[in-house]
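These are my notebook entries on one structure. I set down what I looked up, entry by entry.

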Amino acid sequence: MADIRITNCHIHVFTDQHAPVDFPFPAARILRKSPMLILAVASLLRLLGRENLADQVDRLYQFQQQGARGSQDAILRDVKEHCPGDTRFVVLPMEMNGAGYGDVPISLRDQHDDLARLRLHPDHLGTVLPFATVDPRVPGSVEECLRAITELGFAGLKIYPRLGFAPDHPRLMEEVYPVLAERNLPVMTHCSRGGVQGRDVDDYQADGLTRPAAYLPVLRAFPEMRICLAHFGGARDWEAYMNAKPTSGGENWMTQTREMICSGEFPNLWTDISYTLFRFADYAPILRLLLKGNLDSDKRLRRRVLFGSDFYMTRQEKLSERAVCIRLRDTLGEALFQQLAETNPAIWLGEASEVDRSLWTSLG
Ligand SMILES: [Zn+2]
């Protein structure tokens, strides 16, 4: 086995104290205080013979327990249990003050400061790559994001447009992206139909803000900035692709992401396989097929896909972090796994430069 130093480009360690009190619905306040209620529902379902539903509720319980861990440090230690000791993690925070679900107990500033401390903790030294986050609509959020980038020296930016803002929001275009571009730092963005949504944002609006094509103005204005559309289109669009079914809006985001990367028009557009690949048995064969081709377009794709898991969101799925990582390595083979988990992350993070840029004619 080759000696591969894995970089997991997509994990979360925020706790329920970083989410608004009424999220995802007002009764959540009660559920948080009495998780036993969820377990009671699971056993009731089991009594009624609804095994599958009961399993799902059990996993929801695990997910909630993870978020209820006292600190970001405790959650980080949990994911580390699953990975080789030298694994590095891109840690992505969340800004939910603009989501419309009430106050967030811990401020974004404190969330960022906590990640900065985590990076310096002797047990985590060299393994934590904190990203800053922002909601350009929330007063003070842009300033705090820039503080994390320029003063705390964070490694990149995470955004979450489904909350209700466009990726080309004027404050991002004028104040945030220029700083990232100048510092050669990457952007990670949530790009699937699932996940969190602002309270006043319907599915149609959320999809409009999230779809790969929504990034075209950003890609054109900042052609040198590396942007990763996380989740490779998302599980729903992979399922639609697999079953040749239509998706809402008539566009498949997996296909759209792939075409945008393969075209060669956007040399700094990336994607990651986080969360989506936790439906492993269904999707791993497609991923292998997409990545193994010999055309120039296949080679481009191979060099723009990042390994990431989306821990601890994946606590709602059957497979563990370790199980997915091992299966992926086995399915893709050592060379391809190394490309996704070691070589590509170093380039995306700006630590290494690409040796052969000839695949992208626009880079000359
Ligand atoms: Zn995520």
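Which residues does Thr 127 touch, not counting residues up to four places away in sequence? I find Arg 5, Lys 80, Gly 85, Thr 87, Arg 88 and Phe 89, where contact means heavy atoms within 4.5 Å. Thr 127 itself sits in the loop between α5 (108–120) and β3 (128–130); helices (H or I, at least four residues) and strands (E, at least two) are DSSP runs, numbered from the N terminus. I record Thr 127 as buried because its relative accessibility is 6%. Buried means under 20% relative accessible area, exposed over 50%, and partly exposed in between (1.4 Å probe, protein chains only).

**Basis of the entries.** I note that this is a predicted model, in which local features need pLDDT of at least 70 and side-chain atom pairs count only at pLDDT 80 or more, while totals for chains, interfaces and linings use all residues. Residues are numbered from 1 along each chain as its sequence is written, and side-chain values use heavy atoms, with hydrogens and water left out.

**Zinc site.** I looked up the donors of the zinc ion and found His 10 (NE2), His 12 (NE2) and Asp 310 (OD), at 2.1 to 2.2 Å. Donors are N, O and S atoms within 2.8 Å of the metal (3.2 Å for Na, K and Ca); water is not among the atoms, so sites may look incomplete. The sequence spacing of the donor residues reads H-x1-H-x297-D. His 10 is buried, at a relative accessible area of 1%, and His 12 is buried at 4%.

**Helix α14.** I find 12 residues in α14 (residues 321–332), with 17 Å from the first C-alpha to the last, close to the 16 Å expected at 1.5 Å a residue; the expected span is 1.5 Å times one less than the number of residues. Its buried residues include Cys 325, Leu 328 and Leu 332. Among the elements that cover the buried residues of α14 are β1 (7–11), α4 (72–80), α12 (280–292) and α15 (334–348).

Leaving aside neighbours within four places in sequence, Leu 328 is in contact with Ile 273, Leu 277, Phe 280, Leu 287, Phe 307, Gly 333 and Phe 337.

**Salt bridges.** My search of the whole structure gives 21 salt bridges, each a side-chain nitrogen of Lys or Arg within 4 Å of a carboxyl oxygen of Asp or Glu. Arg 171 and Glu 175 meet in one of them (2.9 Å, N to O); both lie in helix α7 (residues 170–183), 4 residues apart, about one turn of the helix. Arg 171 is partly exposed at 23% relative accessibility, and Glu 175 is partly exposed at 30%.

For Glu 265 and Arg 220, I note closest N and O atoms 3.8 Å apart. Glu 265 lies in the loop between α11 (253–262) and β8 (269–272) and Arg 220 in helix α9 (residues 216–221), so this pair ties together parts that are 45 residues apart in sequence. Glu 265 is partly exposed, at 48% relative accessible area, whereas Arg 220 is exposed, at 53%.
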